[in-house]
Amino acid sequence: MTNDAGVDGAGANGAGSRETHERGEARRVARVVLLDPEDRILLLHGHEPADPTRTWWFTPGGGLEGSETREEAALRELAEETGITDVTLGPVLWRRVCSFDFDGRRWNQDEWYYLARTTRTEAAPTALTELEERSVSGLGWWTSAELSATRETVYPTRLAGLLRTLLDEGPPSAPVVLTP
């Protein structure tokens, strides 16, 4: 995989996402940095459908559908991928443009990461796309210390440090642009 993965079903649903991808434009994506009362972050565990040994952890989220806003997409994707709907959506923390190979295709994405808080920690997918069903194998809550210590692949890269800064300093006054 080059650069960062960020599978969310990678646009398997939503004609607008496919059309954007076919025109070579960056797919517009909303991701969620969901924190529980203990400041743990919820991450999904994914893998390459053709090679389940290639795994990584990533934040919930996905491509915009139709005319929805990024905020609407963030909440919809969070509900579909985790079943969690009782959240307070906060500001955009980070932005990044990334490209990666996944499921035999090249993905170009413009991702916005929203802060969200919840008191609910029980999570389970409720409406995965066909591609997500083939590539998402679970989810889990991570502490900042666990992220810092893990040898597993986590996207976005440097998430451990980004989360630590967020917890220590609060949300940035303007979204931080993440470089590959």
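Mentor: Start with helix H5 (159-169). Its buried residues are Leu159, Ala160, Leu162, Leu163 and Leu166. Looking down the axis of H5, these buried residues fall within an arc of 165°, so they line one face of the helix. Asp168 and Glu169 are exposed on the other side of H5. An α-helix has 3.6 residues a turn, so residues three or four places apart point the same way.

Now the terms and the ground rules. Buried means under 20% relative accessible area, exposed means over 50%, and partly exposed lies in between, with a 1.4 Å probe and protein chains only. The arc is that of the directions from the helix axis to the C-beta atoms. Helices (H or I, at least four residues) and strands (E, at least two) are DSSP runs, numbered from the N terminus. This is a predicted model: local features need pLDDT of at least 70, side-chain atom pairs count only at pLDDT 80 or more, and totals for chains, interfaces and linings use all residues. Residues are numbered from 1 along each chain as its sequence is written, and side-chain values use heavy atoms, with hydrogens and water left out.

What does the buried face of H5 pack against? Its buried residues pack against S1, S2, strand S5 (87-102), strand S6 (105-118), helix H4 (144-149) and S8. Take H4 as an example. Ser144 sits in this helix. Ser144 has 7% relative accessibility, so it counts as buried. Setting aside residues up to four places away in sequence, Ser144 touches Ala160, Leu163, Arg164 and Leu167. Contact here means heavy atoms within 4.5 Å.

Next, look at the ends of H5. The peptide bond from Tyr155 to Pro156 is cis, with omega near 0°. Arg158 is found in the loop between S8 and H5 too. Arg158 is not a glycine, yet its phi is positive, near 70°. With 46% relative accessibility, Arg158 counts as partly exposed. Most residues other than glycine have a negative phi, and most peptide bonds are trans. After the helix comes Gly170, with a positive phi near 85°.

Now go inside. The largest nonpolar core has 18 residues, and Val33, Ile41, Leu43, Trp94 and Leu147 have the most contacts inside it. A nonpolar core is a set of buried Ala, Val, Leu, Ile, Met, Phe, Trp, Tyr and Cys residues joined through side-chain atoms within 4.5 Å. S1, S2, S5, S6 and H5 each give two or more residues to this core. H5 gives the largest share, five residues. Not counting residues up to four places away in sequence, Trp94 touches Leu159, Leu162 and Leu163, among others. Val33, Trp112 and Leu178 are also among the residues that Trp94 touches. In soluble globular proteins, nonpolar side chains tend to be buried together.

Eight of the eight residues of S2 are buried, so the strand is largely enclosed by the rest of the structure. Ile41, Leu43, His45 and His47 lie on one side of S2. Leu42, Leu44, Gly46 and Glu48 lie on the other. In a regular strand the side chains alternate between the two faces of the sheet.

Which strands pair with S2? Strand S7 (residues 136-142) does, in the antiparallel sense over six bridges. Strand S3 (residues 51-58) also runs antiparallel to S2, joined by five bridges. Two strands pair if DSSP finds at least two bridges between them. Leu43 stands opposite Gly140 in S7. Leu44 has Phe58 in S3 as its bridge partner. A hairpin of two residues joins S2 to S3.

Asp39 lies between strand S1 (27-35) and strand S2 (41-48). Asp39 has a positive phi of about 65°, although it is not a glycine. Its relative accessibility is 27%, so Asp39 counts as partly exposed.
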